[in-house]
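Here is a short briefing to read alongside the structure.

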Amino acid sequence: MNSRRDFLQKIGVSALMLQLGSVAFADTPNHFEQPYDGKVLRVAIMGLGGYGTRVAEAMKACTKAKLVGVISGTPSKIKEWQTKYNIPEKNCYNYENFDQVKNNKDIDAIYVITPNALHHSQVIRVAKAGKHAICEKPMALNAIEAQEMIDACKKANVKLLIGYRMHFEPHTLEVIRMRKAGEFGKIMFFQAQCGFKAGDPNQWRLNKALAGGGAMMDIGIYAINGARYMVGEEPIWVTAQETKTDSLKFKEGVDETIQFQLGFPSGAVASCLSSYNINYLDRFFMSGNNGFAEMQPSTGYGPIKGRTHKGELMQAITTHQTVQMDEMATIIFDDNKPIVPVNGEEGLKDLKIIEAIYLAAKIEKKVNLNI
Ligand code: NAD
């Protein structure tokens with residue numbers, strides 16, 4: 001650490017200040033804290049379920065983004081959210097009429113937080129209504145759908161961002177900074193274990209038509225995405241092995257546990273595990289010729305913890321969705337480029353890799369990738 005800016009970056013102060021409702025000016029101590037008076041991203045959330053609720057709660061602490069609208073198929077939930085978040089009637093829609101948001105000047109973006117199979121058509125409708133689209137992961141069921149969503153948003157001249165909250169997480173960004181600075185030396189190996197025991201057998205996550213698959217679509221995607229941002233390369237081949245112990249709960253096309261390996265152009269390899277039937281899987285490990293990083297938890301809601309060969313990671317603990325939404329406001333309004341992209345192309349790459357993993361597991365052979 002050789003400067004105040006490095007120090008602040010290291011401890012993650014700017015992310016922390018964002019959460020405290022102020023903007024940090026690391027180089028101007030006299031103006032260290034200043035209230036935000038810029039443009040605020042006015043967001044409507046589509047899908048008022050578990051994660052939608054988490055995002056709404058986190059957005060209370062945002063300074064650059066604000067929850068102003070809802071889209072839901074359940075009138076009672078709309079009423080509840082109206083009261084809780086002070087949402088006016090004119091900003092409430094259902095799944096049939098939300099195209100009318102086109103005429104609503106008080107909404108800038110719609111955050112799609114519905115089951116995976118709905119993302120494709122809903123994001124395309126959002127684009128056609130001329131609103132920016134933020135879409136949860138996985139962005140679609142497959143690469144073809146993802147490309148159509150990207151094309152629709154380009155055509156409508158709106159932004160498409162994927163809810164990759166880890167791309168704004170301070171411990172994660174510090175490991176990426178260290179890797180870019182060469183502090184680990186040549187990266188040789190990455191390992192990710194991502195999983196939990198899926199409960200209710202009737203939930204949409206275990207329904208192929210709504211989820212598009214199983215654990216890989218939901219939680220394995222964190223291992224894939226993590227491998228890419230940690231190693232800093234795109235994989236050129238995959239191999240994969242599937243294990244199924246409960247074919248009643250995990251029906252045809254719904255993967256329970258998949259181990260997969262990725263190969264990168266530099267020669268680095270990744271070994272990953274995705275599961276809906278193993279608890280306490282939330283760990284990254286990366287080894288280079290000169291050092292290592294390990295994180296556990298690595299992608300859960302936090303607090304994220306980790307250490308490197310230089311010691312414990314001491315970055316700020318953030319509410320991921322608060323920082324994500326504030327950062328997304330700057331991406332949408334100021335064309336800010338995040339350290340790790342969160343655009344549709346980023347989501348498309350993960351889906352291309354998922355498709356290759358499913359294929360590799362099925363044919364029991366190595367599958368080459370060109371993403
Ligand atoms: P959930 O089941 O809690 O909520 C889904 C919502 O969609 C519910 O309100 C439900 O009523 C609504 N819905 C609309 N049409 C539906 C239909 N046809 N069938 C079922 N539900 C329907 O799910 P969730 O955990 O909120 O997940 C929603 C999305 O968010 C998924 O894509 C998931 O992958 C993603 N997610 C992301 C994170 C993250 O950390 N980024 C975490 C959890 C979920």
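The notes below cover the ligand site and then a few backbone details.

Please keep in mind that this is a predicted model. The ligand sits in the second largest pocket. Residues from domain 1 (4-164) and from domain 2 (166-315 + 344-368) both take part in the shell around the ligand, so the ligand lies between the two domains.

**Who surrounds the ligand**

- There are 22 residues around the ligand, and those that come nearest are Gly50, Asn116, Lys137, Arg165 and Trp204.
- Sorted by class, the shell is made of 10 nonpolar, 6 polar and 6 charged residues.
- Three helices, α3 (50-59), α5 (116-128) and α9 (215-231), each supply at least two residues of this shell.
- The element that gives the most to the shell is α5, with 3 residues.

- Gly50, one of the residues that come nearest to the ligand, has a polar backbone atom 2.7 Å from a ligand oxygen atom.
- At Tyr51 the backbone also takes part, with an N or O atom 2.8 Å from an oxygen atom of the ligand.
- Tyr222 uses its side chain instead: an N or O atom there is 3.0 Å from an oxygen atom of the ligand.
- How much of the ligand does the protein bury? Taken alone, the ligand exposes 840 Å², and the protein buries 77% of that.

**Backbone details to look for**

- Lys137, which is among the residues that come nearest to the ligand, is joined to Pro138 by a cis peptide bond with omega near -15°.
- Pro138 itself is found in the loop between β7 (132-135) and α6 (143-155).
- Another cis peptide bond links Gly302 to Pro303, with omega about 5°.
- The loop that holds Pro303 runs between β14 (292-295) and β15 (306-308).
- Asp335 is a residue other than glycine with a positive phi, near 55°.
- You will find Asp335 in the loop between α10 (320-334) and α11 (344-363).

Technical notes
Residues are numbered from 1 along each chain as its sequence is written. This is a predicted model: local features need pLDDT of at least 70, side-chain atom pairs count only at pLDDT 80 or more; totals for chains, interfaces and linings use all residues. Side-chain values use heavy atoms; hydrogens and water are left out. A residue is near a molecule or strand if one of its heavy atoms lies within 4 Å of it. A polar contact is a pair of N or O atoms within 3.5 Å; within protein, one must be able to donate a hydrogen and the other to accept it, and residues adjacent in sequence count only if both atoms are side-chain atoms. Accessible areas come from the Shrake-Rupley method with a 1.4 Å probe; for residues, only the protein chains shown count as cover. On a 1 Å grid over the protein atoms alone, a cavity is a set of points where a 1.4 Å probe fits but cannot get out, and a pocket is an open set with protein on both sides within 12 Å along at least five of seven lines; lining residues have an atom within 4 Å of a point. A molecule sits in a cavity or pocket if more than half of its atoms lie within 2 Å of its grid points. Helices (H or I, at least four residues) and strands (E, at least two) are DSSP runs, numbered from the N terminus. Ala, Val, Leu, Ile, Met, Phe, Trp, Tyr, Cys and Pro count as nonpolar, Asp, Glu, Lys and Arg as charged, and the others, Gly among them, as polar. Domain bounds come from an automatic or database domain assignment.
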